[in-house]
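Please keep the sequence and the model in view while working through them.

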Amino acid sequence: RRKLRTDVAAAFPHLSAEQLTEFIPNKEELNVIKIYSHKGEAVTVYMNNKNPILFEIDKALYPTVYTLWVYPDLLPAFSTWPPVLQKLAGGADLMLPGVVVPSSGFPQVERGTLCAVTLLGNRAPVAVGVATMSTAEMLAAGMKGKGFAVLHTYLDHLWEYGDKSCPPTLAPLVTDSAEKESDEDEEEMEGKDPVISFSTDPLQHVDVGDLSLKEQDGCAVLVGKEELDENSAAEAAEGANTEVQQEAEDSRTPQEQMDALFNQCFFHALKFKVKKSDLPLLTSTFLRSHMFSCWYVFSKFLQCMQQQKILQVKELNKGVESIVEVDWKHPEIKAFAVPEGFSSASAAQDSKSEDREKVYRAPEIIPLYGVSAKMIPLFQESGHKKGSILSSSEVRNIIINYVKTNELVDETNKNFVKVNAILCDCLLDKSEQDEISHLKWDDLLSRCLERLQPLHQVTFFGQEPIVRKGNIEPIDITIAQRSSNKKVTIVKNLELYGLDPQYVANVLQQKVQASASITPLPGTKDRVQVQIQGNQIQHLAKMLLEEYQLPRKYIQGLEKAPKLGRKK
């Protein structure tokens, strides 16, 4: 604990002695856990009050968002637009076009400086990243290119290790002049019609009247109206129709433009993100994962969609709404076309995922046997040598032919075979050699298969057969106990059956609405295991047996499914 406090003081010299003591307390419980990123990178996490406060990679300490909510000024901060957070939480880095340039200017940082990322209007950080260039280089580059390599965000797996609380609302630091201008703006607004205001909550909408979504290098950013005007001016030479359309769009009020953008996001998510197999789908999941806008506005928007009979929403559990039905043939859905280039990558990814799910076929698995050194005398008459690979039927035929050729069938009882010297050496243990003179046919064949080297052949659809040593390991499903008496389901050996663990984890996460992750399989170099919260064996059984058509004999642990209570 003393060493950790020293390391924290060195990493964050702006912390006062009191803050340092509060940060790393003397008596409160402090836990250390080790987790692995999706790249296999080892990450040490320090926990205090059940929340991760620090994480360490390659001996460098980084604060979590939980820490930055308590000490928001610990790192130099750069602000972005709320819709960008979804991309950051999905693993994207922060591009400079998505960084908001404040009137007071950027904080001065050097390349490699650890920085916080906040959302416009709220000083509470939502991400931690390393600057890829200095402040001067950012401005010299015209605010284009990658600005920050993101290490950790609100809503990611590290955040899920804590109490999963939301960022607090912290007012931005403003100058006197800015406050004066704000007061003047409020005076001008008096006597006018009220307008809708929006919270700074990251899951809520912002006024996007002069903004538009733009996708760049795998990161969605918002660009200002001025930049859009420049782009449209460059395209104006293509025809007068473009100018007329642009003028018509600009003539709309900010509220009308926001409604149009919200409408487009809704149909985009519904048509290109949601599949029939996803239903029932939590409305909060649909909002957070696909639309990422204001919950208050979204709930009213859903009511409107129900009135148009586009979808149906029901409260399956108390206080939890789900989309239970979608009219996929509704004219609004059928007529909606995604803008060119806006989300072709995500649509292609979804299409690729669907294709992968449809084309999966259970592999054909055949047990094989290799001739071992001890069994050579029994198989050399049929022309086989050490290492020859045979199927069970071929082994059976070779043994039958050997017995008949050497006239070993018992004359008095044809169900028995006389044991000669070769059969004695190959199939009998030393303790049995003086006692057993006859074997039943079934016993003879089973002993022979047991003494051959086990192998198996796996043939995936459209591929050449693969022969591996040993018997194929079954898909192993186990239940493990975690802290606070929580259970997790662990699934191993999916790769052996041609299943992508990451894809299975994603499908399970959507179906059971629980956190799923991929971790390295202990004792292996290139194998992983799927870990999902709760006892999910019933869902796994349905997926593996019914959807993927895998034989039950290749799945181990299905008997641990939770018992269903009897209906009264």
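1. Helices (H or I, at least four residues) and strands (E, at least two) are DSSP runs, numbered from the N terminus. In these terms, the protein chain contains 20 helices and 26 strands. The model is predicted, so local features need pLDDT of at least 70 and side-chain atom pairs count only at pLDDT 80 or more, while totals for chains, interfaces and linings use all residues. Residues are numbered from 1 along each chain as its sequence is written, and side-chain values use heavy atoms, with hydrogens and water left out.

2. The chain as a whole may be considered next. Of the 568 residues in the protein chain, 40% are buried; buried means under 20% relative accessible area, exposed means over 50%, and partly exposed lies in between (1.4 Å probe, protein chains only). The accessible surface of the protein chain comes to about 32800 Å², and 49% of this belongs to carbon and sulfur atoms. Such areas come from the Shrake-Rupley method with a 1.4 Å probe, and for residues only the protein chains shown count as cover. Contact means heavy atoms within 4.5 Å. Among the contacts in the protein chain with a separation of 6 or more, 56% are between residues 24 or more positions apart.

3. Two packed helices are described by the angle between their axes and the distance between the axes. Helix α16 (residues 392–405) and helix α18 (residues 441–450) pack at an angle of about 125°, and their axes are 11 Å apart. α16 is therefore oblique to α18. Axes are lines fitted to C-alpha atoms, for helices over the stretch in contact, and angles run from 0 to 180 degrees between N-to-C directions. Angles under 35 degrees count as roughly parallel, over 145 as roughly antiparallel, 65 to 115 as roughly perpendicular and the rest as oblique.

4. The crossing of α16 and α18 is right-handed. A crossing is left-handed if the near helix is turned anticlockwise from the far one by less than a right angle, and right-handed if clockwise. On the α16 side, Val 395, Arg 396, Ile 399, Ile 400 and Val 403 meet Trp 441, Leu 444, Leu 445, Cys 448 and Leu 449 of α18. By class, the residues of this contact of α16 with α18 are nine nonpolar, no polar and one charged. Here Ala, Val, Leu, Ile, Met, Phe, Trp, Tyr, Cys and Pro count as nonpolar, Asp, Glu, Lys and Arg as charged, and the others, Gly among them, as polar.

5. The crossing of α19 and α20 is right-handed. Val 504, Val 507, Leu 508, Lys 511 and Val 512 of α19 make the contact with His 539, Leu 540, Met 543 and Glu 547 of α20. The contact of α19 with α20 comprises six nonpolar, one polar and two charged residues.

6. Which residues does Tyr 402 touch, not counting residues up to four places away in sequence? They are Leu 378, Glu 381, Leu 408, Asn 420, Ile 422 and Leu 423. Tyr 402 belongs to helix α16 and is buried, at 4% relative accessibility. Tyr 402 and Leu 378 are 24 residues apart along the chain, and their C-alpha atoms are separated by 7.8 Å.

7. Glu 407 lies in the loop between α16 and β18 (416–418) and is exposed, with a relative accessible area of 63%. Its phi is near 50°, a positive value in a residue other than glycine. Lys 418, in strand β18, is partly exposed at 26% relative accessible area. Not counting residues up to four places away in sequence, Lys 418 touches several residues, including Glu 407, Leu 408 and Ser 437.

8. Is Met 143 buried or exposed? Met 143 counts as buried, at 14% relative accessibility. Met 143 is located in the loop between α5 (135–140) and β10 (146–153), and its phi is near 55°, a positive value in a residue other than glycine.

9. Ala 124, in strand β9 (residues 122–131), is buried at 1% relative accessibility. Ala 124 and Pro 172 are 48 residues apart in sequence, with 8.8 Å between them in space, C-alpha to C-alpha.
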